Amino acid sequence: PAMFSMLIQALYNIVDSYFVAQVSQNALTAVSLAFPIQNLLVAFGVGTGVGVSSLISRRLGERDQEAADNAATHGIILSAITYVVFAVFGAIVARPFTALYTQDAEVLSMGTTYITIVTVASFGFFFAAVIEKMLQATGNMVMPMIIQLVGAVANIIFDPILIFNFNMGVAGAAYATVGGQILSMIVGLCILFFGNHAIALEFKGFRFHGKTMKDIYVVGLPSIVMNAIGTLMTMAMNGILAGFSAVAVNVFGVYFKLQSFVFMPVFGLNNGMVPIIAYNYGARHKDRVIRTIKHSVAYGVGIMCVGLIVMHIFPAQLMRMFDAEESLIAIGVPALETISLSFVFAGFCIVVGSVFQALGNGVYSMIVSVARQMCVLLPVAKLLSLSGEVTLIWWAFPIAELASLLLSTYFLVRIYKKIICHIGEPVTTREITE
C-alpha cells in the first residue's frame, strides 16, 4: 500500500506539468522554476513526519504508549507551526525568487502566482504529511494510501477544470494542487480522530517536552536538511542550465517529474520498512532488523533497474507526455538516458539512508546527501558545463551517485558494528538512563 500511495503521489507531481504544458512552454517553465520552493516545503513537512514516525515506532516497540501518544501530539503542533512559517515565507519570496531565473514578464508573473498559492495555502499538505507518517509508524499502510489517493484523484479532476474550463492557467494548477492537499488533510483528520489505530492525541494540558522534541529532530532534522539540500541543488542546476537555454531548464524540470515515477515506489518501500526496523530495534529483535534490510535493498535496487530500462527504451515517448517540442526532445533524450544510469546506485543509497533514520541516526543520511549533491554533483556539473556541451552536464548525476554508494556502504558497515550487531544484548544502565 505504501508503494502504491507513492506511485499515486508521483502521478500527483506529473499532472500539473502535463496540463500546464498544454497552456504554453512559458507556463511549463514557470512551474519548473517553482519546483525548488515546493521541494523545500516538502522537506520540512515530510522531515518532521519522518522524525515523529521513527519515534512513535520505537516507543511502541518499547511498549511505552504514553510516550508514543505524546510524540504524535507534538507532530500535529509542529506541523501547524511549520505551516505558518511557510505561508509568510512564500508570500515574501515568491516574486524575488522567480526573478532570479527569468526576466520574461509572463514567466515571472506566472511563477510568482504559482509559488504564492502553493505556499500560503499549504496547511493541507503539512497536516496530511505528518498524519500519514504517524499512521505508518503503527504499521497501518492502507489508511495513508487512502489519504494520498483522495488528494491525487482530486488534483487530477481539478486540474483540467480550473486550468481550461475556468481559464485560470497556472493559477488553476496551483489551486488544484492545494485543493487536493486540503481534501487529503480532511480525510487524514477523520481517520486520526475517529478511526481505530494504535495512537491517540491529547491536547489538553499539552506542553512541549524537550526530550521529545530532541528525539523527533535527531531523525527529522537530517531528513529536512537532506531535502533542503535538494532544493539548493535544483536552484544551482537551474542556474547552470539557464546559461545554455530555457529549454535545458525545462528538460531538468521534466526529468524530476518523470524520475518520481521510479523513486516514489522506493520511498513507499521505505515507508513500509522504517516502522518495521524501528519497532524491532526498540523490541531488540536483531534477526528481523537484518532480514528487513536485506529484503528492502533487493527490492529497491530491483525497482530502480526497471526505471533504468524504461528510460533507455522510451526516452522520447516520455518527453512527449509534456507536449514537448523537438528542441526539448533533442536535449531531453540524452539527459534521460545518461541520468538514469545512476538509478541502480540510487536504489541502494535511498534504502540504506532510511535504515539510518529508522535506527535513530539520521545524521549519516544527511552527510551522504550533502556530500552527493553539494560536494560532488554541483562541482562536477559546473566543471562539465565549461565544455559548452549541455549533454555532458548530465554525467554529473551517475558520478555523484557512485560517490554516494561508496559513502553509504561505509556508514552501513559502521552502523552495523556500532548498533545492529549489538541488538538483543543485555541492556546497560547507561542505555536505560538515555
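**Helices, a surface patch and salt bridges**

Analyst: In this predicted model, S369 is in contact with M226 and I229, its neighbours within four places in sequence being left aside.

User: Is S369 buried or exposed?

Analyst: S369 is found in helix α14, which covers residues 362-385. Buried means a relative accessible area under 20%. Because its relative accessible area is 9%, S369 is classed as buried.

User: What distance separates the end C-alpha atoms of helix α3, and what span should its 35 residues have?

Analyst: Helix α3 runs over residues 65-99. At 1.5 Å a residue, its 35 residues should span 51 Å.

User: Where in α3 does a kink lie?

Analyst: The bend amounts to about 50 degrees. The kink comes shortly before the proline P96, and its place is V93.

User: Which helix gives the largest share of the nonpolar patch?

Analyst: The patch has an area of about 690 Å² and is made by F4, L149, V153, I157, I161, F166, M168 and Y175. Of these, Y175 has its place in helix α7 (residues 169-194) and counts as partly exposed, at 42% relative accessibility. The largest share, 4 residues, comes from residues 142-165, that is, from helix α6.

User: How many residues apart are K211 and D215 in helix α8?

Analyst: The side chains of K211 and D215 meet in a salt bridge at 3.0 Å, N to O. K211 counts as partly exposed at 38% relative accessibility, whereas D215 is buried at 14%. An α-helix has 3.6 residues a turn, so residues three or four places apart point the same way. In helix α8 (residues 210-242) the pair is separated by about one helical turn, because K211 and D215 are 4 residues apart.

User: Which residue forms a salt bridge with R372?

Analyst: The closest N and O atoms of the pair are 3.4 Å apart. R372 lies in helix α14 and its partner in helix α16 (residues 396-418), so the bridge ties together parts that are 29 residues apart in sequence. Both residues are buried, and the partner of R372 is E401.

User: What is the N to O distance in the salt bridge of E62 and R59?

Analyst: E62 counts as partly exposed at 41% relative accessibility, while R59 is buried at 13%. Salt bridges that share partners join R59, E62, K211 and D215 into one network. Between E62 and R59 themselves, the N to O distance is 3.2 Å.

Note on methods
Residues are numbered from 1 along each chain as its sequence is written. This is a predicted model: local features need pLDDT of at least 70, side-chain atom pairs count only at pLDDT 80 or more; totals for chains, interfaces and linings use all residues. Side-chain values use heavy atoms; hydrogens and water are left out. Helices (H or I, at least four residues) and strands (E, at least two) are DSSP runs, numbered from the N terminus. The expected span of a helix is 1.5 Å times one less than its number of residues. The bend at a residue is the angle between axes fitted to the seven residues ending there and the seven starting there. Patches are made of residues with over 30% relative accessible area and no salt bridge: like charges are joined within 9 Å, nonpolar side chains (Val, Leu, Ile, Met, Phe, Trp, Tyr) within 5 Å. Accessible areas come from the Shrake-Rupley method with a 1.4 Å probe; for residues, only the protein chains shown count as cover. A salt bridge is a side-chain nitrogen of Lys or Arg within 4 Å of a carboxyl oxygen of Asp or Glu. Buried means under 20% relative accessible area, exposed over 50%, partly exposed in between (1.4 Å probe, protein chains only). Contact means heavy atoms within 4.5 Å.
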